[in-house]
Amino acid sequence: MNLKGKVVVITGSSSGIGKTTAIRFAKEGCKIVVNYKNNILGGEETVKEINKLGREVLLVQADVSKPAEVIKLFKKVEKKFGTLHILINNAAIPNDKVPYLEASYEDIIDLVNTDLIGPMMCSKEAIKFMQKQGFGKIINTSSIRGAEHGGRSVVYAASKAGVNSFSKTLAKMVSPNIQVNAVAPGFVKTRNYDKLTKEQLDSFIEQTYLKRWVTEDEVADAFIFLAKNDAMTGQVIYVDAGFTLK
Ligand code: NAD
């Protein structure tokens, strides 16, 4: 797909990988929908960067774990741009806030609703536009934690494994005109690592074959590759510095 002029929705693009990815798609000539839940300042910063590139941009507050807000998000996209071509489901709670054995039902539901049901509900809305125009791409954000070994975040890992399965099965359902894939990042030093000690940070890198962090731009590279490539569907691409190598 030629990315010039395409409308891209990136959920959770007020920080981290989502923010960098939004700016990178703008550099490719896309029109961008920036979504945030609470961090309006972060959302505005992303918009500012996109404005500097001279691209059209829409900022929408919406909590992807709430179905009514998902519908509101896509209604705003329709009003501004009339359609959308690429959906990047990036928003997520990045790990179990409360260890599984102590977690309440609400803790678990909150994470699953955000990390798994959110992408499902956003994809449903996006597919309506894509089916009408006869093409489109959905790219989900998985994680190395969605692979066989999930670390200590039991609910997060199960949700990301669900994202992998969702991506593959949905890819079959919406073929041949719509492609669905996932990008599974390894350790990317976003704000979620800010409170960790040097020893903890080093221990992550030790687990990779390349002995390094993955950058936000390297994850964005994979999103852009999958958006351009028309021959791939149902794939999970690991951008993980070799973490998942056995
Ligand atoms: P981040 O916290 O900066 O990004 C997550 C974004 O999602 C934030 O902007 C947050 O506000 C938003 N968000 C959370 N709940 C939301 C909701 N209900 N509705 C709308 N937005 C919501 O962290 P990040 O590291 O950039 O994470 C981005 C994605 O990458 C996530 O899907 C995460 O699981 C995945 N990931 C990150 C790493 C890593 O090491 N950083 C590794 C593997 C996967």
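**Exercise 1. Leaving aside its neighbours within four places in sequence, which residues is Lys-80 in contact with?**

Solution. The structure is a predicted model, in which local features need pLDDT of at least 70, side-chain atom pairs count only at pLDDT 80 or more, and totals for chains, interfaces and linings use all residues. Residues are numbered from 1 along each chain as its sequence is written, and side-chain values use heavy atoms, with hydrogens and water left out.

Step 1. Locate the residue: Lys-80 lies in helix α3, residues 67-81. Helices (H or I, at least four residues) and strands (E, at least two) are DSSP runs, numbered from the N terminus.

Step 2. Apply the contact criterion, heavy atoms within 4.5 Å. With neighbours within four places left aside, Lys-80 is in contact with Glu-56, Val-57 and Leu-58.

Step 3. Buried means under 20% relative accessible area, exposed over 50%, and partly exposed in between (1.4 Å probe, protein chains only).

Step 4. Compare sequence and space: Val-33 is 47 residues from Lys-80 in sequence, and their C-alpha atoms are 9.7 Å apart.

**Exercise 2. Give the strand order of the open sheet and name its edge strands.**

Solution. 

Step 1. Strands of a sheet pair through backbone hydrogen bonds, either parallel or antiparallel. Here two strands pair if DSSP finds at least two bridges between them.

Step 2. The seven strands follow the order β3-β2-β1-β4-β5-β6-β7, with parallel pairing. The edges are β3 (57-61) and β7 (236-239), each of which pairs on one side only. On average, neighbouring strands of this sheet are turned by 15° against each other, direction ignored.

Step 3. Take one pair as an example. Six bridges join β5 (residues 136-141) and β6 (residues 178-185) in the parallel sense; Gly-136 has Ile-178 in β6 as its bridge partner.

Step 4. Axes are lines fitted to C-alpha atoms, for helices over the stretch in contact, and angles run from 0 to 180 degrees between N-to-C directions.

**Exercise 3. Describe the aromatic pairs that Tyr-193 forms with Phe-204 and Trp-213.**

Solution. 

Step 1. Rings of Phe, Tyr and Trp (its six-membered ring) pair if their centres lie within 6.5 Å; planes under 30 degrees apart count as stacked, over 60 as edge-to-face and the rest as tilted. The whole structure has five aromatic pairs.

Step 2. Tyr-193 and Phe-204 have ring centres 5.4 Å apart and planes at 90°, so the pair is edge-to-face. Tyr-193 is in the loop between β6 and α6 (198-206), and Phe-204 is in helix α6, eleven residues apart. Tyr-193 is buried, at 16% relative accessible area; Phe-204 is also buried, at 16%.

Step 3. Tyr-193 and Trp-213 are edge-to-face too, with 5.2 Å centre to centre and 80° between the planes. Trp-213 is in the loop between α6 and α7, 20 residues from Tyr-193.

Step 4. Ring pairs join Phe-187, Tyr-193, Phe-204, Trp-213 and Phe-243 into a cluster.

**Exercise 4. Summarise the fold.**

Solution. 

Step 1. The protein has seven helices and seven strands, running β-α-β-α-β-α-β-α-β-α-β-α-α-β from the N terminus.

Step 2. Buried residues make up 53% of the 246 residues.
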